[in-house]
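This report describes the fold and local geometry of one protein chain. The sequence and the coordinates are shown first, and the description follows.

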Amino acid sequence: MIHIYIESKNDKTPEYIFIHTLLTQIHGTDYKERFKIFPVNGKDNLSNVSPFLIENELEEGINLIVFDADTPLNGGGFATRKQFLQEEKKRLNIQFELFLFPNHADDGDFEYLLEQIINPDHQTIIDCFSDFEACLRRPKDHNGDPLYVTPNRKGKIFTYISSMNLPSNKRNKLGGGEWLFNDPKYWLLDHPYLKPLIEFLKKYK
């Protein structure tokens, strides 16, 4: 069995649904016969699932970890996060192959990857959001500090997909991670930026 461990807290998140969508695209609808996705609920909780990695290895399975590289702003960055996980690998005595969002080379995260594969037909939404962020930064309090906090990248990407004129049956599922990743009107899953992740997932069958 091939186990994929992600940072999401459960299977009702965009990250989980996105990996599910890619596996379906790459390996077909029966991929669940060979793959299982495990939400870890954060990089620091890898120890909580280490028994599953060990058990899967003993059964000659393959463990894959797909986490965020993050940035120095939140204590991460590609090199820093890779080193941390290599140290965890040794400390916990576990085996796994690693991929770090967004492209296993640069700093960033899952949401940064999504921002790169947005359908350019809807670039207006991203441009408007940038204007909104700039507007929020202008007001200052009596100390000269920003009066408002700008939304994080996750909020930005949710604004993108939730701004679409969707029927209620699809709009109601957005909160459960169903961000319509398999619809090219919104996301380009054949975008070159996705190639490193797709090639990584293709290696395992």
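## Crossover units

Strand β1, helix α1 (residues 14-27) and strand β2 form a β-α-β unit that is right-handed. The model is a predicted one. Strands β1 and β2 (residues 35-39) pair in the parallel sense, with five bridges between them. Within this pair, Lys36 of β2 stands opposite His3.

Phe67 has Leu100 as its bridge partner in β4.

## The sheet

The sheet is open and consists of four strands in the order β2-β1-β3-β4, with parallel pairing. Strands β2 and β4 lie at the edges, each pairing on one side only. From one strand to the next, the twist averages 20°. Helix α1 packs on this sheet and touches β1, β2, β3 and β4, its direction making about 170° with that of β2.

Helix α2 (residues 46-58) lies across β1, β2 and β3 and runs at about 155° to β3. Between β1 (residues 2-6) and β3 the pairing is parallel, again over five bridges. The bridge partner of His3 in β3 is Asn63, while in β2 the residue opposite His3 is Lys36.

How many residues of β1 are buried? Five of its five residues are buried, and the strand is mostly covered. In a regular strand, side chains alternate between the two faces of the sheet. Both faces of β1 are covered: Ile2, Ile4 and Ile6 are buried on one side, and His3 and Tyr5 are buried on the other.

Strand β3 (residues 62-68) has six of its seven residues buried, so the rest of the structure largely encloses this strand.

Helix α8 spans residues 195-202, and its buried residues are Leu197, Ile198, Phe200 and Leu201. These residues lie on the same side of α8, because they cover an arc of only 160° around the axis. An α-helix has 3.6 residues a turn, so residues three or four places apart point the same way. The elements that cover the buried residues of α8 include β1, α1, β3, β4 and α4 (110-116).

Two packed helices are described by the angle between their axes and the distance between the axes. For α1 and α8 the packing angle is about 65°, and the axes are 10 Å apart. The crossing of α1 past α8 is right-handed. On the α1 side the contact is made by Phe18, Leu22, Leu23, Gln25, Ile26 and His27, and on the α8 side by Leu197, Ile198, Leu201 and Lys202.

## Local backbone geometry

Which residues are joined by a cis peptide bond? The bond joins Phe101 and Pro102, with omega of about 10°. Pro102 is located in the loop between β4 and α4.

Two residues other than glycine have a positive phi: Asn93, with a value of about 60°, and Leu180, with phi near 60°. Asn93 is in the loop between α3 and β4, and Leu180 is in the loop between α7 (168-171) and α8.

Is each of these residues buried or exposed? Asn93 has a relative accessible area of 58% and is exposed, because the cut-off for exposed is over 50%. Leu180 has a relative accessible area of 14% and is buried, because buried means under 20%.

How values were computed
Residues are numbered from 1 along each chain as its sequence is written. This is a predicted model: local features need pLDDT of at least 70, side-chain atom pairs count only at pLDDT 80 or more; totals for chains, interfaces and linings use all residues. Side-chain values use heavy atoms; hydrogens and water are left out. Buried means under 20% relative accessible area, exposed over 50%, partly exposed in between (1.4 Å probe, protein chains only). Helices (H or I, at least four residues) and strands (E, at least two) are DSSP runs, numbered from the N terminus. Two strands pair if DSSP finds at least two bridges between them. A crossover is right-handed if, with the strands pointing away from the viewer, the path from the first strand over the helix to the second runs clockwise. The arc is that of the directions from the helix axis to the C-beta atoms. Contact means heavy atoms within 4.5 Å. Axes are lines fitted to C-alpha atoms, for helices over the stretch in contact, and angles run from 0 to 180 degrees between N-to-C directions. A crossing is left-handed if the near helix is turned anticlockwise from the far one by less than a right angle, and right-handed if clockwise.
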